[in-house]
Amino acid sequence: QQLERDLRGACERGEMRLHYQGRHDLRGRQLAGFEALVRWEHPTRGLVPPCQFIPLAEDSRAILNIGEWVLREACAQAAAWDFERRGLCMSVNVSPLQFELPDFVQTVSGVLKRSGLNPRHLILEVTESLVMHDLERAQRHMRDLKALGVQIAIDDFGTGYSSLSVLQALPFDQLKIDRSFTNALTGPRAPRVTALMTAMIQLAQTLDMTVTVEGIETEEQRRILTGLGCDHAQGFLLSRPLPPAQAAALIPDAT
Ligand code: G
Ligand code: G
Ligand code: MN
Ligand code: NA
């Protein structure tokens, strides 16, 4: 496949870009931080979204280089934007292959040191499939990352097969509810979905996790979720993924 061939060396050639989507306090709408989302600037096709190349990058293990680049770039950006003084956090998605590397925690620690970013302002987003693949390694890595001061979020919560056993085994700091639930809040299954949302938000709060709901696109969804006591939200209603210069404009008192 052509795209797969083009992907070889793309990161080394400097073709990866990061966009940033705001994570907002749901009541006040203030910015709580950003999620870094990778794009590939293909020489002829333009910006390729991650859903089109991350799976290819995982097959070829190119995701290891890309993932490390994303981590370095996102931490450097957060330091440049003075996240510590502003109380903001940078969220970075981590692929299962990266998390499985024996020296993953050392890599994170080294990247943080070089960037100058305080580890408390980095959130690593992992999915449950990643965690269940090798639970003991995941537990060890999580313990070491937390000792560094890094926060860890479980991403796309509610879409896998093992969500609850993952919460039993691992002390996440944040829980991100998948946008498929937000979508369904106002559809024909609204009563059931509202009940599920309510339960997931309570579950997170009982376990001392901050909840972020993903995929808020309408005022009605925002109103419902605020009423359910959800802490934070992401979605096109609040802000889209933006290139760095435009994302910077969302930061209050940015200079
Ligand atoms: O932007 P888009 O909706 O196409 O993102 C699709 C998926 O790609 C999301 O599930 C997101 O978590 C994933 N993704 C975005 N950026 C990164 C990244 O830097 N690393 C990894 N592993 N996945 C990412
Ligand atoms: O799996 P992950 O949560 O990392 O995926 C984030 C992806 O979701 C991003 O690629 C982003 O483009 C997409 N996204 C963010 N907000 C919205 C939204 O309000 N609606 C839809 N359809 N997609 C969104
Ligand atoms: Mn994510
Ligand atoms: Na998600």
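**Exercise 1.** Describe how helix 3 passes helix 6.

*Solution.* Helix 3 passes helix 6 in a right-handed crossing (near helix turned clockwise from the far one by less than a right angle; helices are DSSP runs of H or I with at least four residues, numbered from the N terminus). The structure is a predicted model, in which local features need pLDDT of at least 70, side-chain atom pairs count only at pLDDT 80 or more, and totals for chains, interfaces and linings use all residues. Residues are numbered from 1 along each chain as its sequence is written, and chains are lettered from A and ligands numbered from 1 in the order in which they are written.

Next, the axes of helix 3 (residues 63–80) and helix 6 (residues 104–115) come within 9 Å and cross at roughly 30° (lines fitted to C-alpha atoms over the stretch in contact, angles from 0 to 180 degrees between N-to-C directions).

Then list the contacts (C-beta atoms, placed from the backbone, within 7 Å): Glu68, Leu71, Arg72, Cys75, Ala76 and Ala79 of helix 3 meet Thr107, Val108, Val111, Leu112 and Ser115 of helix 6. These residues divide into seven nonpolar, two polar and two charged (Ala, Val, Leu, Ile, Met, Phe, Trp, Tyr, Cys and Pro are nonpolar; Asp, Glu, Lys and Arg charged; the others, Gly among them, polar).

**Exercise 2.** Locate Arg86 and decide whether Arg86 is buried, partly exposed or exposed.

*Solution.* Arg86 is in helix 4 (residues 83–86). Because Arg86 has 16 C-beta neighbours inside 10 Å, Arg86 counts as partly exposed (20 or more is buried, 12 or fewer exposed). Finally, Arg86 and Leu228 are 142 residues apart in sequence and 27 Å apart in space, C-alpha to C-alpha.

Conventions: Helices (H or I, at least four residues) and strands (E, at least two) are DSSP runs, numbered from the N terminus. Two residues are in contact if their C-beta atoms, placed from the backbone, lie within 7 Å.
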